[in-house]
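Thank you all for making time this morning.

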Amino acid sequence: MTRLNILLLVILIFCALSVVTSQHQARKAFIELQSEKERESKLDQEWRELQIESQTLGTHKRIEQKASKELGMTLPDPKKTVMVNLDRSTNAAPSQPAGAAK
């Protein structure tokens, strides 16, 4: 009977240690999950800030300001602007070479 009690005591201790170990691992996993969620939140916030910054820096007005202040560029005078139409369907028929006769 004492052997059976000792065997049951050993099994009980083994089970108790297994429960403690599994709880410890579960807590470690939960802490890691929470830290990853915080990291995700920070990266998401940083992404939103970068999107706003990208939209701000890419506006035409911002580009014009940078070009005029840093590069000394100006908009061309509308009176001196010439529009060129590259649509080939409106061009005249191509001329034939000098030696070609019908």
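Predicted model: local features only at pLDDT ≥ 70, side-chain atom pairs only at ≥ 80, totals over all residues.

Residues are numbered from 1 along each chain as its sequence is written, and side-chain values use heavy atoms, with hydrogens and water left out.

As for the overall picture, the chain has two helices and zero strands, where helices (H or I, at least four residues) and strands (E, at least two) are DSSP runs numbered from the N terminus. Helix H1 covers residues 2-57, and helix H2 covers residues 60-70. Of the 102 residues, 1% count as buried; here buried means under 20% relative accessible area, exposed means over 50%, and partly exposed is what lies in between, with a 1.4 Å probe and protein chains only. The chain exposes about 10,500 Å², of which carbon and sulfur atoms supply 61%, and these areas come from the Shrake-Rupley method with a 1.4 Å probe, where for residues only the protein chains shown count as cover.

Let me turn to the charged pairs. Side chains of opposite charge can pair when their charged atoms come close. How many salt bridges does the count come to? It comes to three, if we take a salt bridge to be a side-chain nitrogen of Lys or Arg within 4 Å of a carboxyl oxygen of Asp or Glu.

In helix H1, Glu36 and Arg39 are three residues apart, about one turn of the helix, and the closest N and O atoms of their salt bridge are 3.7 Å apart. Glu36 is partly exposed at 40% relative accessibility, whereas Arg39 is exposed at 52%. Also in helix H1, Asp44 and Arg48 are four residues apart, and their side chains meet in a salt bridge at 2.6 Å, N to O. Asp44 counts as partly exposed at 36%, and Arg48 is likewise partly exposed, at 42%.

Glu70 is exposed, with a relative accessible area of 56%, while Lys66 is partly exposed at 37%.

Back in helix H1 we find Ser18, which is partly exposed at 34%. A polar atom of the Ser18 side chain lies 3.0 Å from the backbone oxygen of Phe14.

Finally, Met1, Leu4, Leu7, Leu8 and Ile11 form a nonpolar patch on the surface, with about 540 Å² of accessible area together. Patches are made of residues with over 30% relative accessible area and no salt bridge, with like charges joined within 9 Å and nonpolar side chains (Val, Leu, Ile, Met, Phe, Trp, Tyr) within 5 Å.

Conventions
Polar contact = N/O pair within 3.5 Å; in protein donor to acceptor, adjacent residues only side chain to side chain.
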